[in-house]
Amino acid sequence: MIPYVNGKYISKVPGGSFIKSISGKEFTVDDVNVALAEKPKGKCHAGTRVSARIGAQQLCSKAIRTGWYSGTVLECMNDKRTGKPCYTVLFDGDFTINIGIDHVRVLVEQPLEVNPRKRTSEGVHYQLAYKNCWQLQPKGSNIRFFMRAYMEAYPDWEKMRMPERENFKRVAVENKRGLPCSAIRLQLDNGCALMRFPKGTENCTKWPCAEHEHEDEWMFRGDPRFLALNENRLMFENAKISEMGGESSSDSGISMMPATPSSRRHRVQNLPVERATRSSTPEAAVAPGRKVQTARKTSRRAASARNHKKPSKEVNRQIQQTNKDTMERECEFILHDLPEWAERYCRFEPHDECGKKCIEQIRERDPAHVSYHNMSPYLIPLKCGWSRVRLCTTLKQKGAPRLSRIIYQAPCGESYYDFASIFKFLQLSGSLLTIDLFTFEEQLDLLVYAQPRKEYVKSPDFCQDMENIRIPVLNSTRPEEPIPTLIYSRVSRPGRITSDVPERERFLTQSKEFCSGCSCVDDCSDPTKCDCLKLNISTMERLFETLRIDQIGYKHKLISEIACAGIFECNDNCKCHRNRESKKKCLNTVVQLDMKFPLQLFRTPECGWGVRTTVDIPKGAFIANYCGDIYTDAEIEAHPMPDDYYADLDLVDSVENEKRKQGIDLIGLDENEVPHKRKRSTKNDAGKVKFSFDDYFKEGGDHLFIVDAMKRGNIGKFFNHSCNPNMFVQHVLVDTHDIRLPWVSFFAKRHIHAGDELCWNYGYQIGTITNKFLYCKCGSNKCEGRLL
């Protein structure tokens, strides 16, 4: 690449423009290599040819110097750090960098097309044609193929999801030589990511690094070289075949990258089949040897919809307003009263250590008492002598932010500022309250409650007294529609695929014999003594370092992020489950306890029956499980049934999917080996045998299990889909340590307000079922418009 220099335009001449440089030299330059000196007045559209300045901090290759270079705008966005507009520019040297708006100049040569509306007898009028920007690239170049595919799909081109907190995460990607490898993400700059392609098992994350020689590259987050973006890769290859005069893969029946041997990506086409299954593309999602016939909810996040028009902002606003009107019509928001404990009880004098005397004057009730059902569970401590205040402080400096924090006051008057101190008080005092009844979430409103209006209540309790709290049924949109029927069950159990199959209470591995228990007689707060907590720690340690998360298991019965390897809870073999009270106080027992948040089952205007919360729910709190009849994958295929409520128990698959995304199996791969000839190794570098989930369970017969909530289930059956969900799925192992049979549990993804509908992402793979379409009407601003 040759950098641009400053010059002065003299005149237009045949073959280009006559230019005089600042050194006094005069020469003729092709218009393709001429840029305007002034900044563009408006925003540059995607596909605009520009000259952009690369700064010293953005250099990651010694082959490029600082200066102005030609490229094409891929997208315009606001910089998350400065708030100013910036561009993601694909340079002609086949690398992508995020450039500020002040360092971009428009090239004279732009893609044009004939404007049929202004064609007159005087001549032909032209207009800008950004979608044809690929025609200005050299024929046969990868940039030309990519820009053709990108502009055809713009603005729906899929990009890798890369949260900013996940620095130094590994990503499966191709290097410049077309070989798949596991690269390290060093930095994220809006639409670009700085990737490092390590050599062997190298794991250096320092940048810039002067100690080692690294292969670093700024990549566009939608680059088809990311192995997880299978549909982008397929569109790239289709554009290449179309450009070279061949047939597209959709016409030829090719399911994965119909590349030619001359392509720099031809080696990826021949990866082992198991690495391509369960991916985000419809073609690759079909496992080898069988045809997917059913739609199944999964814990994976669904890929963006292609070739389907997404709903407009106005349509989404109308859906949001309709849902809001339905909620306000059916519910009346009330505020509970707070008792003034300072007036009702005398406080103890200051004391060195709290104990049972601190709650003697308070008559505590069981938190599961019926009087607490129609309120937030976080209001229960305040009904039992506690006080919760918000302390706000303002610094003296002008413009300084206002600081605030939540403080709890015990019945004896002592103040507590964190979970650890409250938990210690509960232990010393022998209180009936548990730690999950306290929250330091500042935005949480403990007093608000969405009370159902009596005229719209069709049934006072849908769960038939199977839950500790009542779940009323409301219907104001279609009053004539009957209440859904369901055999309510709080746990999943084996289903009967046919009437001649004997009914089973549980599978063979769903028993105490397949669980190990801890010997804790307390609340399992010590991870060095509790065997169940040790199991969570050892499971996390066996994962590759980039698959691990900071929080292992629960923290005060909350989880901050998904543990892809699942969570092992205490079970009936544990001594901490010797009675009901000890089970409730166990810190490693969450999803098998009673539901604590009051819910409502209601008829939505567009999406059938749904569930809303009547109180505020903090981030990371457990809400409910997804229960039903359990079938094996083979039973479902042999005896097809309605698939409306199928959900995969895909704990194993979620781990393998994360490994594929990060390219864990590609670490240490010798570049001299041809991937399609290399057999999948069963040994690691140290000579130890690697455990293969697929091989182990396929030998045992049943590999994948499915929960069907059509006939039997619980309230989790009615959680609707949303493209921007407020819940996520966490696999939890409760009644067995067989990782094929986890519980599907829902936790709050963010703070949820009273009256909000509870939704999760179904994870359907679009195109997996022929001639079946399911459109999304969630109304969120991120709505994809289609589920199947």
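Good morning, colleagues. Please keep in mind throughout that this is a predicted model.

I shall begin with the aromatic side chains. The structure contains 29 aromatic pairs. One of them joins Tyr-408 and Phe-438: the ring centres are 5.1 Å apart and the planes meet at 75°, so this pair is classed as edge-to-face. Where do the two residues lie? Tyr-408 belongs to strand E17, residues 402-409, while Phe-438 sits in the loop between helix H7 (419-429) and strand E19 (448-452). The pair therefore ties together parts of the chain that are 30 residues apart in sequence. Both Tyr-408 and Phe-438 are buried.

A second example is the pair formed by Tyr-554 and Phe-747, which is tilted, with 6.3 Å from centre to centre and 35° between the planes. Here distant parts of the chain are linked, 193 residues apart. Tyr-554 is found in the loop between helix H8 (531-542) and strand E24 (567-568), and Phe-747 is found in strand E34, residues 743-748. Are these two residues buried or exposed? Tyr-554 has a relative accessibility of 11% and therefore counts as buried, the cut-off being under 20%. Phe-747, at 0%, counts as buried as well.

Let me return to Tyr-408 and Phe-438, as they also belong to an aromatic cluster.

Arg-148 lies over the face of Trp-134, 4.6 Å from the ring centre. Lys-297 is placed over the face of Tyr-762, also at 4.6 Å from the ring centre.

I now turn to salt bridges. As a general point, side chains of opposite charge can pair when their charged atoms come close. How many salt bridges does a search of the whole structure find? The search finds 35.

Consider Lys-39 and Asp-102, whose side chains meet in a salt bridge at 3.4 Å, N to O. Lys-39 is in the loop between strands E3 (26-29) and E4 (49-54), and Asp-102 is in the loop between strands E7 (95-100) and E8 (104-106), so the bridge ties together parts 63 residues apart in sequence. Lys-39 is partly exposed, at 46% relative accessible area, and Asp-102 is partly exposed at 38%.

Another salt bridge joins Asp-366 and Arg-580, at 3.1 Å, N to O. Asp-366 occupies the loop between helices H5 (341-344) and H6 (380-383), whereas Arg-580 is in helix H9, residues 580-585, so parts 214 residues apart in sequence are tied together. Asp-366 is partly exposed, with a relative accessible area of 24%; Arg-580 is partly exposed at 43%.

Asp-643 is buried, with a relative accessible area of 8%, whereas Lys-772 counts as partly exposed at 31%.

Finally, salt bridges also form a network, which links Asp-94, Lys-176, Glu-217 and Arg-225.

Thank you for your attention.

Key. Residues are numbered from 1 along each chain as its sequence is written. This is a predicted model: local features need pLDDT of at least 70, side-chain atom pairs count only at pLDDT 80 or more; totals for chains, interfaces and linings use all residues. Side-chain values use heavy atoms; hydrogens and water are left out. Rings of Phe, Tyr and Trp (its six-membered ring) pair if their centres lie within 6.5 Å; planes under 30 degrees apart count as stacked, over 60 as edge-to-face and the rest as tilted. Helices (H or I, at least four residues) and strands (E, at least two) are DSSP runs, numbered from the N terminus. Buried means under 20% relative accessible area, exposed over 50%, partly exposed in between (1.4 Å probe, protein chains only). A charge sits over a ring if NZ of Lys or CZ of Arg is within 6 Å of the ring centre and within 35 degrees of the ring normal. A salt bridge is a side-chain nitrogen of Lys or Arg within 4 Å of a carboxyl oxygen of Asp or Glu.
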